[in-house]
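Let's take a walk through this structure together, a piece at a time. Keep the 3D view open as you read.

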2 protein chains.
Amino acid sequence: MKLVRNTPALRVTLLLAFTLTVGFAFAQFQRNPIISPEIDQDNKVTFRILAPKADEVRLTGNWMPFMQSEPMMKGDTGLWTVTIGPLAPELYGYSFLVDGVNTLDPSNKSIWRDGAFRVESILFVRGAGAELYEPMTGPKGTLHKVWYASPTLDLTRRMYVYTPPGYEDSKESYPVLYLLHGGGGDEDAWTTLGVAPTIMDNLINAGKAKPMIVVMTNGNPDQAAAFTDSPVLPNPSQGGVGMANMKFEQSLVKDVIPYIESHYRVKTGKTNRALTGLSMGGLQTQNTTFMHPELFDYIGVMSMGFADLSRFGIKTDDSQRAEQIAALKTAHPKVYWIAIGKDDFLYESVVTMRKALDEAGFPYTYRESTGGHTWTNWRIYLSEFAPMLFK
Amino acid sequence: MKLVRNTPALRVTLLLAFTLTVGFAFAQFQRNPIISPEIDQDNKVTFRILAPKADEVRLTGNWMPFMQSEPMMKGDTGLWTVTIGPLAPELYGYSFLVDGVNTLDPSNKSIWRDGAFRVESILFVRGAGAELYEPMTGPKGTLHKVWYASPTLDLTRRMYVYTPPGYEDSKESYPVLYLLHGGGGDEDAWTTLGVAPTIMDNLINAGKAKPMIVVMTNGNPDQAAAFTDSPVLPNPSQGGVGMANMKFEQSLVKDVIPYIESHYRVKTGKTNRALTGLSMGGLQTQNTTFMHPELFDYIGVMSMGFADLSRFGIKTDDSQRAEQIAALKTAHPKVYWIAIGKDDFLYESVVTMRKALDEAGFPYTYRESTGGHTWTNWRIYLSEFAPMLFK
C-alpha cells in the first residue's frame, strides 16, 4: 500500500470523511484555517476567533492580573484578533470573552481543567525558563492511574503513581515523593497543570534529581476520584473539605504509604520518603508531619503557612502546636522547605509560621519567589524541591 | 482540628479564596449557581447558559443528526434554556452555539477531546444500556501511561496499557487485547471517549470477560504522542496518515508487541492475542492480520471494510488480497468479527469486504448495529467483542 502524500486541504477532507459528527467549528476551518494561538519569534502571541455577530470580544489569560482582560479587534470577516506580549516562556491558560461569555479557543484543542474551577485553552511559550515543561526525546517515566482501597475513608480511591525512567527495566528500589494538590483540585492537577511527570523526567535525565517514585493523591477525603470521572462513586466534594478534618492525612499514612510500599519497588524508612504540597496540600503536609514526625526526612510546604482559616468557617486547633514543632525538631528532618510568592494572599500566614518556627529554634529553608498563588510558582517549586531529595 | 461543615455558598467562598485566578465564569456562579446540564427523573435534560447580549443561542449534541442544533430560549436575566429528550442512557458530547460561536458549557467542567476535531462538554445520562460506562465501587484495573522505544518509527512513543483488577496482587499472566483508534484520533481516544478501562473493569468484575491486558497505541506513525502533550516531540499528524503506509502496522508487530510481552506478565502466542480497531484502526487491523496471519486468534474489524480510499488521495494495493485472505483462512483465527452500523458512511465497504470473504469461504461473524460511525457504537462493539476473547 502506498500513501499519496496529502496536502493540508486534503488532510482536512480526510478528517471530515472519517468522523461523522465533526462539529461546527470545522465549517470555518475547512476553507481557511484559523491559526490561534500563533507565537512569533519574539514570543509575541496572536489570538484569533471568528465571531461575526459579536459586539465585543476580549482575551483573558493568567499572565494578566486577576480578572483583567484585553480587547480584541474585529476584522472585515468577523475575525477578532489581538497580539500581545512578548510573554515569558511559560505554560499559560487563557480563554475568550465573547460578549461576556467565556469561550475556549475553537482553533486550539489543547485544554486543561483546574479542579472544579474552570477549563482553559493552553498556551505554551517555549524557551528558557520553561524547558522542564517540554516532553523531550529520551527515556521517560511511566504514569500509573491506580485505584486503591482506603479502609480509613471507606472508599476505593484513585491516585497517580509516577515511576522514573528505567523502573521497568531494572530491579532497583526507589525513594518516594508524595505530592499533594490544593483546595478545589484533585488527583489530576499535578499531572496536567503541574506537568509533574515531564518535570521529573527532565530533572532525572539531566542528573539534577535522583530517580524517584512520585505519588499524586486525591486530597479531598470525601471523594473517590476526580468528579469528572466518577458519576457513581462518592464525589460530593467541591474542594476545601480536606482542609481541616485530618481525614486525608490519616488515609495518607494508613492507606496510601502502605499501598505504595507493598506494590512498587520502594526504599522504605524516613530517609526515603518526602512529602510536599501546595495550599491545602501544604496544610496537609504540615498536619501529617506534625502528627508523624517519624515518617518523612524531606518536607516541603508550598504557599501555606499557619493560616487563620476561621474566615472560611474552618476552626483549626493550634493548642498542641508548640509540642508538635518540638517533636518534629527532635525528629530532625533533613530538609524542611517553605516556599511562598511575594504576592500570595497567604503570604502573612508564612510570616506567622516562620516566626513560630524561629522562636522554637526549628531549622528550615525559606524560599521567597515572585508571583502569587499560582501553578507557575508550584511548577517552579517542584523543580527546585525535587533536586534536594534523597541526597 | 475540626471542620465546621460548610454550606454551598461557603464552599464557593473557599474555592474563590484558594485560587488567585479564578476566571470570569465564577462571577455568575458565586451568587446564583447555574446548573447545567440537569437530568430529571425521565431523562429529560435541561441546558442553561448565561449570555445576556446574545441574539441567538443554540444547543448542539451528538444525539442530534449531523450538523443540527436546537434553539434555546432567552429568559429575563439573559439565561438561555432548553429542555430536550428524554434521551436514552448514554455518554454524549455537546456544546452551545452562542451567536454562532461554539462554546463549551461554562457550568460543566467534564470535557473530552475528540482527536484533532474538537472538544466537547460531556453529558452522561445514566441507566440501562449505559451501566458499563460508570465507574463502580469494587476492584479496578490500573491504567499505565507508558513511553516505549519504537526503532521502526525512530520515535519514543506513548501508549496506554490497562492491567486488569488483581494484576498487582497476583503472579498470573494474562492475554492481551490490542485496541486501535480511528483517523484523526490518538492514544487518548479509547481511554476518554471510549471509556475502555471502565468498560473492561465492569465486564471483568461481572465475569463477562476474562481478565486481560488492553493496549491502546497511537496509530499515527509520524506522531510520538497526542499532539496536545508533545510540543517538542514529532507530531505533524493531523490524522489519516496512518491510513495506508503500513508503518504503524509494522511498528505494532516489531515494537509494541515485544515491549508488552517483555514488560508485563503476558501469556504469549496466537491464542493469547486479540486485535481490534475502528475505522482507520479497522484498516490497520485488516492490514496487520493479513500481513501476519500467525499472530492473532481474535480479530475484530469495526466500522471499516474494503474501502476505496482513492477519493481521499490514498491508493491501496489490493493485488495480493486473494492470497492474503487465503493465508489468513489457513491460519484459522478463532474469531473474525466484523461490526458496522446501518448508517455508517463506510457501510458499502463492509458489503464489499463480506462479499470477498464469502467468495473465499472465509468464516467470520457479522454484527450489524443501528447508528453510524460513532463512539456510541464503538463502546458497544468493545463491550461485545471483549467477552468473546480467550475462551
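Start in chain B with an open sheet of four strands, in the order β2-β3-β7-β6 with antiparallel pairing. Because β2 (38–39) and β6 (73–74) of chain B sit at the edges with a single partner strand each, one side of each is left without a neighbour in the sheet. Strands of a sheet pair through backbone hydrogen bonds, in either a parallel or an antiparallel way.

A quick word on what you're looking at: this is a predicted model, where local features need pLDDT of at least 70 and side-chain atom pairs count only at pLDDT 80 or more, while totals for chains, interfaces and linings use all residues. Residues are numbered from 1 along each chain as its sequence is written, and chains are lettered from A and ligands numbered from 1 in the order in which they are written.

Look for B:Ile39, which stands opposite B:Val45 in β3(B).

Now move along to strand β4 (residues 57–61) of chain B. Is it mostly covered or mostly open? Mostly covered: four of the five residues of β4(B) are buried, where buried means that 20 or more other C-beta atoms, placed from the backbone, lie within 10 Å of a residue's own. β4(B) pairs with β8 (residues 90–98) of chain B in the antiparallel sense, over five bridges, and B:Gly61 has B:Tyr94 in β8(B) as its bridge partner. β4(B) is also joined to β5 (residues 70–71) of chain B, by two bridges and again antiparallel; here B:Arg58 stands opposite B:Pro71.

Next, find helix α3 (residues 196–205) of chain B. Nine of its ten residues are buried, so α3(B) is largely enclosed by the rest of the structure. Among the buried ones are B:Ala196, B:Met200 and B:Ile204. The buried residues of α3(B) pack against β12 (142–150), β13 (155–163), β14 (176–180), β15 (213–216) and α8 (375–385) of chain B. After α3(B) comes B:Gly207, with a positive phi near 75°.

Note on methods:
Pairing = 2+ DSSP bridges. Buried ≥ 20, exposed ≤ 12 C-beta atoms within 10 Å, placed from the backbone. Contact = placed C-beta atoms within 7 Å.
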